[in-house]
Amino acid sequence: MTSQIAPPQAPAAPSAGYRLRWAGLAVILAAEVMDLLDTTITGVAAPAIRQDLGGDDAQIQWITASYTLAFAVLLITGGRLGDLFGRKRLFVLGAAGFTLASVLCAAAPGAGTLIAARTVQGLFAALLIPQGFGLIKAMFPPKEVGAAFGLFGPVLGLSSVLGPTLGGYLTDADLFGLGWRTVFLINLPVGLLAVLAAGRILPADTTDRPSGAGRLDPVGVLVLGLAVLLLVYPLVQGRELDWPWWTFLSMAASVPVLWLFTRHQRGVLRRGGTPLIEPSLFAKRPFVSALATGLVFFAALSGLMLVFSLHLQLGLGWTPLHAGLSMIPLSVGVVAGAVLSGGLLAPRYGRRVLHAGIAVAAVGALGLWATVERGAGGLTSWQLIPALAVTGLGLGLIMAPFFDIALAGVEEAETGSASGVLNAQQQLGGSVGVALLGTAFFGWARTDGFLHAAGWTYGLIAALLAVAFLVAFLLPRYARPEGEGH
């Protein structure tokens, strides 16, 4: 890589917006679906994979963990590469590589090969996913950005249900005698469609920056990757291993490595180079406040999804398919909240919609606690519907204002870096939530049983959402000056 390369840059959105922007958004959301499915679908198929391929407990855990770690380690770099070489180009490359890696997963002859293919999947996902936010900002005029981000809510909600439900169905159905392998082959039609549609629909990358305007910082990539690995690896594996001493040592070691990374980035700036993370991002109050808010919120969200699934399957003895279908009211609530928020409420009321969403989701989590305690003798899917629908409604309300406010003040040259950091924050928040709430759930389950453990953990989730509610006061009231885009 040399300074002679002119880094492409997606064109800024004109006031009318890019002509094919809504079709382009559908392509971006298809990529999100592939990623979210792969995050949730393999857990359901894990017993069948072990029966077919063998492998010990650690190898089975790594089928999920290898994807998560590779994704988290390269996310920020993937976003920066979009700034330097074009977001459409990286999107197509990431989608094609992800699809090919999915086929390799389906063809894996052993557990070790499957883990390696999952790692490759995670690396290409890290190239693919961060381009979405930048492309949305380039395609949509300010007045429509909130509505575009609002559609992420239904995708998150539907994929969270579709993953375990589809995984359970495909594994049990044994289509064409392929068994669990179909959970990876499902990506093939979606991925091919995303690659072909992206080439035709997404706005072309341009090369209007001067030569040498920026290049990737390989030392920064290595140091940041090490810091993320030291932090995320023990969070992913610690609960399964009962938190040995080295997990805490690893997390502590990530702090000085992050300090070395910031020192290196300052040095890159002094030498006139292009840092991996634009320091100017951290001078923007909306962006920094969104990172703090999102860290707590996504910890609560990921912990909720984990604990609810464990509660239904371990505590109540439900099948993965039954558990997945029982989450449909949550998805319906997310869709309703996201439609209300993105199209109607967020542009007009800004941060107040985010606060309302967090409050409603917290009430829903408390409702789950009350439902579990009341139905300890024999809970049914019907009894869970009110609390799940309320929780989903709150989660859906949050999506549009959160991403809109976080990225509103980000400049075009900073978008890839900002997208990578935001996506990495979601991964970190999710890992923290799974580690914290999963540990609490199993700790209480050992002494008080799964049902009471689930109830108390739902209460803890409500407390985390209360913290997110308070932190959200750091956000500006609107994504952009009042009246602009309303």
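Trainee: Is aspartate 83 buried or exposed?

Mentor: Buried means under 20% relative accessible area, exposed over 50%, and partly exposed in between, with a 1.4 Å probe and protein chains only. Aspartate 83 has a relative accessible area of 1%, and therefore counts as buried. This is a predicted model, in which local features need pLDDT of at least 70 and side-chain atom pairs count only at pLDDT 80 or more, while totals for chains, interfaces and linings use all residues. Residues are numbered from 1 along each chain as its sequence is written, and side-chain values use heavy atoms, with hydrogens and water left out.

Trainee: Which side chain meets that of aspartate 83 in a salt bridge?

Mentor: A salt bridge is a side-chain nitrogen of Lys or Arg within 4 Å of a carboxyl oxygen of Asp or Glu. For aspartate 83 the partner is arginine 80, at 3.0 Å from N to O. Arginine 80 is also buried, because its relative accessibility is 3%. Helices here are DSSP runs (H or I, at least four residues), as strands are (E, at least two), numbered from the N terminus. A network of salt bridges links Arg80 and Asp83 with Arg87 and Glu278.

Trainee: How many salt bridges does a search of the whole structure find?

Mentor: The search finds 5. One of them joins the side chains of arginine 21 and glutamate 144, at 2.6 Å from N to O. This pair links distant parts of the chain, since arginine 21 lies in helix H1 (residues 21-53) and glutamate 144 in helix H6 (residues 142-150), 123 residues apart. Both arginine 21 and glutamate 144 are buried.

Trainee: Where in the chain do aspartate 52 and arginine 181 lie?

Mentor: Their side chains meet in a salt bridge of 3.5 Å, N to O. Aspartate 52 is in helix H1, whereas arginine 181 is in the loop between helix H7 (152-173) and helix H8 (182-185); the pair links distant parts of the chain, 129 residues apart. Aspartate 52 is partly exposed, because its relative accessibility is 45%. Arginine 181, with a relative accessible area of 17%, is buried.

Trainee: How is a pair of aromatic rings described?

Mentor: The description uses the distance of the centres and the angle of the planes. Rings of Phe, Tyr and Trp (its six-membered ring) pair if their centres lie within 6.5 Å; planes under 30 degrees apart count as stacked, over 60 as edge-to-face, and the rest as tilted. By this rule there are 17 aromatic pairs. In one of them, phenylalanine 297 and phenylalanine 298 have ring centres 5.0 Å apart and planes at 65 degrees, so the arrangement is edge-to-face. Phenylalanine 297 is buried at 3% relative accessible area, and phenylalanine 298 is buried at 5%.

Trainee: Why is the pair of phenylalanine 402 and phenylalanine 403 edge-to-face?

Mentor: The pair is edge-to-face because the planes stand at 75 degrees, with the centres 5.1 Å apart. Phenylalanine 402 is buried, with a relative accessible area of 3%, and phenylalanine 403 is buried, with 2%. Ring pairs join Phe297, Phe298, Phe402 and Phe403 with Phe133 and Phe149 into a cluster.

Trainee: Which residues does threonine 99 touch?

Mentor: Contact means heavy atoms within 4.5 Å. Leaving aside residues up to four places away in sequence, threonine 99 touches Asn187, Leu188, Gly191 and Leu192. Threonine 99 belongs to helix H3 (residues 87-106) and is buried, at 5% relative accessible area.

Trainee: What does the side chain of threonine 262 reach?

Mentor: A polar contact is a pair of N or O atoms within 3.5 Å; within protein, one must be able to donate a hydrogen and the other to accept it, and residues adjacent in sequence count only if both atoms are side-chain atoms. The side chain of threonine 262 reaches the backbone oxygen of tryptophan 259 at 2.7 Å. Threonine 262 is placed in helix H11 (residues 245-270) and is partly exposed, because its relative accessibility is 33%.
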